[in-house]
Amino acid sequence: ARDDALGLGEALQEKGSDGRGLVVKVTHWFAADQSLSSASRRRRELANRRYREPLIGYLTAEPKVKRWSGLRRPLPENVQVVTLDDWRGPNTKLLRLEHLYQTGEHPALSQPVTVALGQMFATFDILGAMELSLAANQYLASMQRLQWRTTAAGGSAAQNAAREAVERRQLDQNLTVTLRPMQLRTFVVQVQYL
């Protein structure tokens, strides 16, 4: 074997456990739908189901709880919890929410959606929240973003900044968050266990 001159700078000669070349196994899913919106919806659902497959475990005893959810009520169909982790203390958590659809992908599910954080979870109430950058390394309210002289489909940079400032004020007052298409939002939340 020799270098293929595509950037690695060496020949690929790795052997698998069987002594032959490495093998990558893939799964292809094929789905046919009658409309673009139903195809988009199915694609998002299947992608999330495939990406977030459950870890299967077994018990030798009969479980006392047959069905349990960490949420008090289901989230909107176009929102998912990406992260829920302890954060710098027992009563503080890091929470990331994601809007699953992009603009124009589905007539209803591509619309902005509002989620009330306060009584979202079954085992604790959220008493307060502050939005962080996506990387959770700085508070969003103190971030200073570069101002670009462009106009995007969602409006000018100044309009977007004004809209985000309103959304942050809404969060501070009544713990609701609005997620726009494909938006991820990160929060540090103070909780009280029930």
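1. Buried means under 20% relative accessible area, exposed means over 50%, and partly exposed lies in between, for a 1.4 Å probe with protein chains only. On that scale Val82, at a relative accessible area of 30%, is partly exposed. Val82 belongs to strand β1, residues 79-86; strands (E, at least two residues) are DSSP runs numbered from the N terminus.

2. The model is predicted, so local features need pLDDT of at least 70 and side-chain atom pairs count only at pLDDT 80 or more, while totals for chains, interfaces and linings use all residues. Residues are numbered from 1 along each chain as its sequence is written, and side-chain values use heavy atoms, with hydrogens and water left out.

3. The largest nonpolar core comprises 19 residues, and Leu117 and Ile126 have the most contacts inside it. Such a core is a set of buried Ala, Val, Leu, Ile, Met, Phe, Trp, Tyr and Cys residues joined through side-chain atoms within 4.5 Å. Two or more residues each come from β2 (92-99), β3 (113-116), β4 (124-132), β7 (176-179) and β8 (184-193). A separate core of five residues includes Trp87, Leu132, Ala136 and Val188.

4. Which residues does Leu117 touch, leaving aside those up to four places away in sequence? They are Leu95, Leu97, Ile126, Ala129, Leu171, Leu175 and Val177, where contact means heavy atoms within 4.5 Å.

5. Two aromatic pairs are found in a search of the whole structure. Rings of Phe, Tyr and Trp (its six-membered ring) pair if their centres lie within 6.5 Å; planes under 30 degrees apart count as stacked, over 60 as edge-to-face and the rest as tilted. Phe121 and Phe124 are stacked, at 4.8 Å centre to centre and 25 degrees between the planes. Phe121 is buried at 5% relative accessible area, and Phe124 is buried at 4%.

6. Why is the pair of Phe124 and Tyr193 edge-to-face? The ring planes stand at 70 degrees, with the centres 5.9 Å apart. Because Phe124 lies in strand β4 and Tyr193 in strand β8, this pair ties together parts that are 69 residues apart in sequence. Tyr193 is partly exposed, at 40% relative accessibility.

Note on methods
Helices (H or I, at least four residues) and strands (E, at least two) are DSSP runs, numbered from the N terminus.
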